[in-house]
Amino acid sequence: MGIGLKARRLALLAGMAACAFGMSAAEAAERHKIFLSMSYIGNDWQAEAANMVKAMAAHKSLADKVDLQVQVAGPNAQRQIQQINAMVQSGAEAIVVYPISPTALNQVVKNACDKGVKVFAYDAEITEPCAYNVHIDQEEAGRVTAEWLAKKLNGKGNIIAVTGVPGTSVDDLRTKAAKAVFAKYPDIKIVGEAVGMWSQAVARTELSKILATRSWDDINGLWMQVGCFTANSMQLEAGRKASALLPCAGEGSNGGRIQMLPEGTEVEGAASPYAPLGAPRISYASPPYSGALALKLAIEAIEGKDVPKATILPLPIVTNETIKLCNEGTWAEMKAGCNTFKPSLVSNPGWFASIFSDQTPEIGLNAALVGQPEE
């Protein structure tokens with residue numbers, strides 16, 4: 001009797017707490033308990049992706065369905081495994097995860113699946129068959145960008161390669177594919193290579209180390225998973241003119257894309273180096289909306305809808321010929337094809353610009369910037 005009375009009191013208190021937050025006890029009980037499991041967060045992409053996941057969960061179409069909780073493991077597979085175990089034990093219905101490794105999480109993911117938990121990996125992959133994966137074709141990203149650079153250099157020259165976060169499927173697949181392309185050109189030589197952690201700040205540090213033993217004049221091009229904006233900025237700092245900037249195959253940061261616009265283009269808020277330079281570029285991206293889409297698909301899977309195990313996103317590719325400035329950054333404007341934002345709208349040049357998808361009308365510019373959904 002005492003235990004039953006205590007349980008009823010706890011249930012009553014839970015109902016009162018729910019009502020205090022504007023929902024009934026029944027509504028609170030109906031919300032799906034979903035966790036966001038993040039690994040390495042020391043770059044703009046991860047912060048932006050997390051913002052978009054939170055914005056998706058807050059959208060009016062989903063807010064009464066989702067109880068989202070966020071945990072960060074850092075670049076530590078064992079810690080991520082421990083956290084996922086705890087998520088399952090606490091009653092998770094789904095886990096949206098950026099896996100630090102494609103294989104290290106397989107056993108804990110299988111255990112989660114066996115208990116009925118839906119596990120959705122975004123951007124990076126999990127190879128356990130029960131997991132769902134949402135990502136671009138990372139090999140295509142490495143191959144297309146390397147081929148562009150090789151063609152730009154007419155098949156010969158010295159290049160610098162800056163990779164991403166080691167151990168992730170994203171970095172492994174992109175780097176392997178790019179090096180396979182460069183291997184076809186015996187006159188293209190990688191004269192400097194560094195781990196960039198998908199960070200503009202780390203890219204600057206690593207490029208500075210490489211430039212301690214050689215000059216920009218010794219380099220003909222760059223292949224960088226993240227860092228073209230920084231590389232262009234460093235060349236300007238070294239006294240090179242905008243017209244002499246080296247071709248760079250790299251990320252979809254807004255700063256790098258603004259630099260792609262023809263030199264002299266008037267853009268609100270622009271100031272060198274975050275300004276139009278006519279920089280020769282190919283810009284691609286793992287879209288940071290992938291986590292938000294994974295969350296949306298996880299809810300559909302929980303509700304019994306048929307969701308494919310692999311969702312392959314289109315690879316956003318922008319060149320100097322296809323760069324298009326967004327005037328206001330509305331969802332409709334992005335749908336019409338703009339792919340970079342005024343510095344007056346996006347103050348951080350390292351912020352990623354490939355945020356649009358027809359599949360995610362719930363999230364747009366404000367979602368990526370501050371975690372606020374579309375109306």
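## A charge over a ring

In this predicted model, the charged end of Lys-309 is placed over the ring of Tyr-132, at 4.1 Å from the ring centre.

## Aromatic pairs

A pair of aromatic rings is described by the distance of the centres and the angle of the planes. With centres required to lie within 6.5 Å, the count of aromatic pairs is seven.

One of these pairs is formed by Trp-45 and Tyr-122, which are stacked, with 6.4 Å centre to centre and 20° between the planes. The pair connects distant parts of the chain: Trp-45 belongs to helix H3 (residues 44-58) and Tyr-122 to strand S4 (residues 118-122), 77 residues apart. Trp-45 and Tyr-122 are both buried. Ring pairs also join Trp-45 and Tyr-122 with Tyr-98 in a cluster.

## The pair of Phe-341 and Trp-351

Phe-341 and Trp-351 form an edge-to-face pair, with centres 5.5 Å apart and an angle of 85° between the planes. This pair, too, links distant parts of the chain. Phe-341 lies in strand S14 (residues 340-341), whereas Trp-351 lies in the loop between S14 and helix H13 (365-370), and the two are ten residues apart.

Methods. Residues are numbered from 1 along each chain as its sequence is written. This is a predicted model: local features need pLDDT of at least 70, side-chain atom pairs count only at pLDDT 80 or more; totals for chains, interfaces and linings use all residues. Side-chain values use heavy atoms; hydrogens and water are left out. Rings of Phe, Tyr and Trp (its six-membered ring) pair if their centres lie within 6.5 Å; planes under 30 degrees apart count as stacked, over 60 as edge-to-face and the rest as tilted. Helices (H or I, at least four residues) and strands (E, at least two) are DSSP runs, numbered from the N terminus. Buried means under 20% relative accessible area, exposed over 50%, partly exposed in between (1.4 Å probe, protein chains only). A charge sits over a ring if NZ of Lys or CZ of Arg is within 6 Å of the ring centre and within 35 degrees of the ring normal.
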